[in-house]
Amino acid sequence: MDSTPTIGTDILDSINSSDAMKILRILMERNKELKAEIRKIALEVLSDANPEEIAVDVMQALDRIEVEELWDRSGSKRYGYIDPSDESWVMFEETLLPFLSTMTKYQKIGLTNEAKAYCVGIILGIQGFEADSRSEFKDWAIDAPQHFIEEVFEKWKSGNPCEGDIAQVRAIL
C-alpha cells in the first residue's frame with residue numbers, strides 16, 4: 001500500500017499539535033544547529049507578554065462567566081447543598097487558572113519580565129472586571145476580585161522576583 005499523500009493535498013495541513021511536537025523533537029535530535037534556532041524562535045515567541053493585552057483577556061474571560069452556569073453548579077444537589085457564593089469563587093479561580101499557569105511557566109523557565117507582565121496583566125484584568133463589568137455573576141463573587149488579586153501577587157512573589165519588581169507591582173494593587 002502506497003503511503004504517499006494524494007496529489008493536491010499537503011500533509012502539513014493535516015498534522016495536529018501533537019504530531020507537530022513529535023516532528024519538532026525529531027528535527028531537534030537530528031540537527032543541533034536547528035535546535036539552537038528553535039530555541040531562539042521559542043524565546044522570541046514567549047517574550048511577547050503585553051500586560052494590557054493580558055488584562056483585556058482576563059477581563060473578557062471573567063466577563064464571559066454566565067450566572068446561569070453558576071446557578072447550574074450550585075444549590076441543592078444529590079449529595080448536599082453548594083452555596084452559590086462559594087461556587088462563584090471556584091469559577092473565578094478556574095477562569096484565572098490558565099493565566100496563572102502561564103505566569104508560573106514563565107517563572108520556571110527564567111523569563112522574569114514576562115512573568116511580571118503576566119502578573120500585572122492578571123491583576124489589571126481583575127481590577128477592570130471589578131470596576132467595569134456588568135455581569136450578573138459579579139454580584140455573586142463580591143469579595144473574590146480583591147482576594148484573587150492578592151493571591152496572584154503572592155503566587156508571583158513566590159517565584160523570587162527582585163525587590164524593585166515587587167515594588168512596581170505592589171504600586172498597582
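**View 1. Ser133 in the loop between H6 and H7.** Ser133 sits in the loop that joins helices H6 and H7. Helices here are DSSP runs of H or I with at least four residues, numbered from the N terminus. The model is predicted: local features need pLDDT of at least 70, side-chain atom pairs count only at pLDDT 80 or more, and totals for chains, interfaces and linings use all residues. Residues are numbered from 1 along each chain as its sequence is written, and side-chain values use heavy atoms, with hydrogens and water left out. Ser133 is buried, at 7% relative accessibility. Buried means under 20% relative accessible area, exposed means over 50%, and partly exposed lies in between (1.4 Å probe, protein chains only). Leaving aside neighbours within four places in sequence, Ser133 contacts Met59, Asp63, Gly128 and Lys138. A contact means heavy atoms within 4.5 Å.

**View 2. Helix H5 beside helix H7.** H5 spans residues 84-108 and H7 spans residues 144-157. Their axes come within 11 Å and cross at roughly 20°. That makes H5 roughly parallel to H7. Axes are lines fitted to C-alpha atoms, for helices over the stretch in contact, and angles run from 0 to 180 degrees between N-to-C directions. Angles under 35 degrees count as roughly parallel, over 145 as roughly antiparallel, 65 to 115 as roughly perpendicular, and the rest as oblique. The crossing of H5 and H7 is right-handed. A crossing is right-handed if the near helix is turned clockwise from the far one by less than a right angle, and left-handed if anticlockwise.

**View 3. Side chains where H5 meets H7.** From H5 come Trp89, Phe92, Glu93, Leu96, Leu100, Met103, Thr104 and Gln107. They meet Ala144, Pro145, His147, Phe148, Glu151, Val152, Lys155 and Trp156 of H7. The residues of this contact divide into 10 nonpolar, three polar and three charged. Ala, Val, Leu, Ile, Met, Phe, Trp, Tyr, Cys and Pro count as nonpolar, Asp, Glu, Lys and Arg as charged, and the others, Gly among them, as polar.

**View 4. Thr95 on helix H5.** Thr95 lies in H5. Is this residue buried or exposed? Thr95 is buried, with a relative accessible area of 16%. Not counting residues up to four places away in sequence, Thr95 touches Ala61, Leu62 and Ile65.

**View 5. Arg73 and its salt-bridge partners.** The structure holds five salt bridges. A salt bridge is a side-chain nitrogen of Lys or Arg within 4 Å of a carboxyl oxygen of Asp or Glu. Glu69 pairs with Arg73 in one of them, with the closest N and O atoms 3.2 Å apart. Both residues lie in helix H4 (residues 67-73). They are four residues apart, so about one helical turn separates them. Glu69 is partly exposed, at 38% relative accessibility. Arg73 is partly exposed too, with a relative accessible area of 24%. Arg73 also meets Glu87 in a salt bridge (2.8 Å, N to O). Glu87 is in H5 and Arg73 in H4, so this pair ties together parts that are 14 residues apart in sequence. Glu87 is buried, at 11% relative accessibility. Glu69, Arg73, Glu87 and Glu94 are linked in a network of salt bridges.

**View 6. Asp165 and Lys116, a link between H8 and H6.** Asp165 forms a salt bridge with Lys116, and their closest N and O atoms are 3.2 Å apart. Asp165 belongs to helix H8 (residues 163-170) and Lys116 to helix H6 (residues 112-132), so the pair ties together parts that are 49 residues apart in sequence. Asp165 is buried, at 14% relative accessibility. Lys116 is buried as well, at 18%.

**View 7. Helix H7 against helix H8.** H7 and H8 pack at an angle of about 175°, and their axes are 11 Å apart. That makes H7 roughly antiparallel to H8. Phe153, Trp156 and Lys157 of H7 make the contact with Asp165, Ile166, Val169 and Arg170 of H8. These residues divide into four nonpolar, no polar and three charged.

**View 8. Glu154 on helix H7.** Glu154 has its place in H7. Glu154 counts as partly exposed, at 43% relative accessibility. How far apart are the C-alpha atoms of Glu154 and Ile126? They are separated by 15 Å, and the two residues are 28 residues apart along the chain.

Terms used. Helix = DSSP H or I, 4+ residues; strand = E, 2+ residues; numbered from the N terminus.
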